[in-house]
Amino acid sequence: MADTRHEVQHSGGEAALAALRARTPAVIAPGHTFESVTESVSHIVLSKRTPIGWFFGFAIAFALLMLLNVTIAKLLFTGIGIWGNNVPVGWAFDIINFVWWIGIGHAGTLISAILLLFRQQWRTSINRFAEAMTLFAVACAAMFPLLHTGRPWLAIYWLFPYPNTMGLWPQFRSPLIWDVFAVSTYGTVSALFWFTGLVPDMATLRDRTKSRAGKVIFGMLSLGWRGSARHWHRYEMAYLLLAGISTPLVLSVHSVVSFDFAVSVLPGWHATIFPPYFVAGAIYSGFAMVMTLAIPLRKFYQLDGFITMRHIHNMTKVMLVTGMIVAYGYANEAFFAWYAGNVYEKAMMVNRMTGYYAPFYWGLIAINALMIQLFWFRSVRDNIPLLFVLSLLVNVGMWLERFIIIVTSLHHDFLPSSWDVYTPTRWDFAMFAGTIGLFLSLFFLFVRFLPALAMFEMRTITPEAKLNMEHHG
Amino acid sequence: MSHTETPSSLYGLMAEFETASELVHATERARLAGYRKMDAYSPIPIEELSEALDLPRTRLPKLVFAGGVIGGLAGFGLEAWASTIAYPMNIGGRPNLSWPQFIPVTFETTVLGAALAAFIGMWALNKLPQPYHPVFNVPEFERASTDRFFLCIESTDPLFEREGTAQFLKAFHPLGVNEVAP
């Protein structure tokens, strides 16, 4: 896009340029230099003064984190009976929240890896905190499978490829063990990618900090980075390779999560559309979370010159596209329930639409299929407070989707005598709220102590980064 | 700075530039003048510098490929060995070596191996972490991570002469030429 703008400038059409600017806001506000970009981002970390709003937000997040601690203590002393899931709904909040959190993480990898391969320049200002969001979301997701074992210190026998005392191995033919591999690989690769991106910025902080402790800490984290051309040469290659590796990885992770359901023979789960439908839903909810985080971040830290309307518009458009794929998934499920002629499939779909949980089903349809149509309108894409509310609603909608998929298929199984209704307990809600606290606490700490925007990448999109070799000719 | 020091007591001479273009230009000229032991430092990656320094293609892609192959073989090998030798068990009448069901894990371990190779390989080839480096002795170098561009010609270069090289660098109108203590 920057190139298009340059061409217009060269052709001399000032009016055309102004028109183009009005249509597509720039990825970075005009007038920024290396120094101004670096200063705007690094002063958030290096400033001695922490904004009062930060303490306020962190206090709420930390209180929820303490709630998580209490819940975990209660769980370990009492057992997973404190949760509402029981036969026939043996799987409930633990898997709903796991899928929800893992899905949210996907947007971070999409932004950092896939958009890098597609040379989408606008990714540059949002990739760092989106990747942080990925890591924190994976950490929250990991809580649920770990704690649903009841005795997480023994989980190594059940989750990892390690035989128990009888010499028995985990079942490699089960999607649940694929999930362990997919999620742990995803967490590891995301962390490596994130740290690699941080190193040159750590060097910047090391060189700019005035405090001795800062010099030592950032010095160690920067690994002695000195910006050598030889290093950059390999660094750029490694960054590109990591992006190339992460691209199929991120698509595989939610596909494998969907196998947890699709490989079973339960009506409502046993569907071939699940992998693409889950991946699209993951990216959709992830972008909603990026939006939820970006809107306050750019407002309170005055980063609207870096996270511009261009970013907001593009994120909205990604949500619109992926949301429509998800809506297609709903239509496809309903169509096949009818077209396949299977009585169990049909009963499942009728129960979803008219049964006990029908309000949740229609709620998710209202949000994920109807409400997102608002994103077609430019006036909506320009309305930041409205977008903030809509992005929160998208995450509510995606949570309802997972609830409906998981609970409606289980509570009415093949045998009417075992039908029952599932109700979550207060501990279910406490644990869910607790992981939101963990997520937000980590995010608040990240924003205060690490550069929330990738400074070295931001420098490359300023006009200063353009080489001008002619005048030496 | 005393003139009785021998050139070998210097790490090199470092010129400071205000723009990336000046650095690329100076680097190209220095290489054409025959200097080889030198390095350029910049706050952003500059592709043209790799050409100016005539850097060879990095071995990293090969390492990453090897990492992926090793990861994939290890993952598949573990599954195959555990299901056929360590503890064969009849699951739904499937053969012990039911390889299509082993592919998801094989894929993930391939990715893991490749990513670890990219990460460890890049830092190892760059010889980082490195706690000390002479270039940090130049106070101006602090801005190499923000908005200044540096070219350092090292004293180990056969063409290096304390006075001559300094004159050579000054011809590019840098902001300054500094001696780098070892």
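Reader: How many residues of chain B are in contact with chain A?

Author: Contact means that the C-beta atoms of two residues, placed from the backbone, lie within 7 Å. Here 57 residues of chain B are in contact with 52 residues of chain A. This is a predicted model: local features need pLDDT of at least 70, side-chain atom pairs count only at pLDDT 80 or more, and totals for chains, interfaces and linings use all residues. Residues are numbered from 1 along each chain as its sequence is written, and chains are lettered from A and ligands numbered from 1 in the order in which they are written.

Reader: Which element gives the most to the side of chain B that touches chain A?

Author: Elements are DSSP runs, numbered from the N terminus: helices are H or I with at least four residues, strands are E with at least two. H4(B) gives the most, with 14 residues. Helix H4 covers 103-125 of chain B. Helix H1 (20-32) and helix H3 (60-86) of chain B are among the others that supply at least two residues each.

Reader: How do the residues of that side divide into nonpolar, polar and charged?

Author: Ala, Val, Leu, Ile, Met, Phe, Trp, Tyr, Cys and Pro count as nonpolar; Asp, Glu, Lys and Arg as charged; the others, Gly among them, as polar. The side of chain B that touches chain A has 36 nonpolar, 14 polar and seven charged residues.

Reader: Which residues have the most contacts inside the largest nonpolar core?

Author: In soluble globular proteins, nonpolar side chains tend to be buried together. A residue is buried if 20 or more other C-beta atoms lie within 10 Å of its own, exposed if 12 or fewer, and partly exposed in between; C-beta atoms are placed from the backbone. A nonpolar core joins buried Ala, Val, Leu, Ile, Met, Phe, Trp, Tyr and Cys residues through C-beta atoms within 7 Å. The largest core has 187 residues, and Met133(A), Phe287(A), Ala115(B) and Phe150(B) are among those with the most contacts inside it. Helix H11 (residues 274-300) of chain A provides the largest share of this core, 17 residues.

Reader: What is Phe150(B) in contact with, beyond its neighbours within four places in sequence?

Author: Its partners include Met14(B), Ala40(B), Tyr41(B) and Phe141(B). Ala40(B) and Met38(B) point one way from strand S2 (residues 38-41) of chain B, while Asp39(B) and Tyr41(B) point the other way. All four are buried.

Reader: In which sense do S2(B) and S3 of chain B pair?

Author: Pairing requires at least two DSSP bridges between two strands. S2(B) and strand S3 (residues 149-154) of chain B pair in the antiparallel sense over four bridges. Met38(B) has Ile153(B) as its bridge partner in S3(B).
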